[in-house]
Amino acid sequence: MNLELGFLASALLVIMVVSILVAAFSRLLHPVARAALDRLAPTARVSVLWLWATLPALLGLIVLLVVLLPSFAHLLGIATDHCLEHGHHGHLCLVHSPLFLGNAIELVLLLVSGMFFSVKLSTIGLRYMRGNQSLSALWSLSDRESQRNYCLLSSHRCFAFTAGLIRPRIFISRRLADELDHDEFNAVLLHEENHRRRHDGLRKLCAQVLSLAHFGTTRSALLNDLALAIEQAADDYAARALGNRFTVAEAIVKMSRLSILTGPHSGIVTAFNTADPTSRVLALLTPPISHNRSWSVLGFASLMAICL
């Protein structure tokens, strides 16, 4: 049987091998690194966790680009044909590798990987399509508050959430506005404005897609940690803007006590009362961690170095 693979299967194999190795290492590292991540400021933790969630796929693509660099340089006319230097053998090359050979191993590799990612991506895609349909309906039924740029919805339930990918919108129920006092409502609104400014819905979608290369338990843990960090970062922003961490904590407790409906169950939604309210309140009742972006850069750089 001919074991040589075409360009598509070879490129996919490079990405898969690197991703599996990084995912395996991440599974061992995550329980140990979790305590260290908790010592980071929320915004820094969001950056590190997002990069970690996407790391297997990103490193796979980086390694693939490095492998293709000699042939790409030849196509640009800035290097000689690398294949002439080492002689012909099975390798990945933009110039000489055939796109598709059609042998059995190649067909199985492309078929299995294609089916796996098609099922996973279609599941995520359908969930977002349903969420978008719900958001369109809510947008048409809402009243716009132009001064703070949010949408008010008449509802007997209490909720506040930010939804949308490219142009996120804030939705708040009228009952919630009636239930909270002025400072609590302002805390909720500042929290949601932080989600909108940072495009957290889009951030979560990218993490969900690119984290598919992780093993299931590690992926779930990283995405849950990321969701909590995103909410704590928004809490921290609201607390700093108000100058009062206790007001934000009180708003979280009050909304949890009301058993709030958080809006459409979709990844494009970042709701005020999601992601472990107890941990969020405890974080607000402790002294804030200083915001030092260098720690997030250093943390991810160390993670990359260890994986490489």
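Reader: Which side chain does Asp 143 meet in a salt bridge?

Author: In this predicted model, the side chain of Asp 143 meets that of Arg 174 in a salt bridge, with 2.5 Å from N to O.

Reader: And where do Asp 143 and Arg 174 lie?

Author: Asp 143 belongs to strand β1 (residues 143-145) and Arg 174 to helix α5 (residues 174-179), so the pair ties together parts that are 31 residues apart in sequence.

Reader: How many salt bridges are there in the whole structure?

Author: A search of the whole structure finds 9 salt bridges.

Reader: Switching to helices, at what angle do the axes of α7 and α8 cross?

Author: The axes of helix α7 (residues 200-210) and helix α8 (residues 216-242) cross at roughly 170° and come within 11 Å; the two helices are therefore roughly antiparallel to each other.

Reader: Which residues meet there, in α7 and in α8?

Author: From α7 there are Asp 200, Arg 203, Lys 204, Ala 207 and Gln 208, which meet Arg 219, Leu 223, Leu 226 and Ile 230 of α8. Sorted by class, this contact has 4 nonpolar, 4 charged and 1 polar residues.

Reader: What makes the nonpolar surface patch?

Author: Leu 69, Phe 72, Leu 75, Leu 76 and Ile 78 make this patch of about 540 Å², and Leu 69 lies in helix α2 (residues 42-75).

Conventions. Residues are numbered from 1 along each chain as its sequence is written. This is a predicted model: local features need pLDDT of at least 70, side-chain atom pairs count only at pLDDT 80 or more; totals for chains, interfaces and linings use all residues. Side-chain values use heavy atoms; hydrogens and water are left out. Patches are made of residues with over 30% relative accessible area and no salt bridge: like charges are joined within 9 Å, nonpolar side chains (Val, Leu, Ile, Met, Phe, Trp, Tyr) within 5 Å. Accessible areas come from the Shrake-Rupley method with a 1.4 Å probe; for residues, only the protein chains shown count as cover. A salt bridge is a side-chain nitrogen of Lys or Arg within 4 Å of a carboxyl oxygen of Asp or Glu. Helices (H or I, at least four residues) and strands (E, at least two) are DSSP runs, numbered from the N terminus. Axes are lines fitted to C-alpha atoms, for helices over the stretch in contact, and angles run from 0 to 180 degrees between N-to-C directions. Angles under 35 degrees count as roughly parallel, over 145 as roughly antiparallel, 65 to 115 as roughly perpendicular and the rest as oblique. Contact means heavy atoms within 4.5 Å. Ala, Val, Leu, Ile, Met, Phe, Trp, Tyr, Cys and Pro count as nonpolar, Asp, Glu, Lys and Arg as charged, and the others, Gly among them, as polar.
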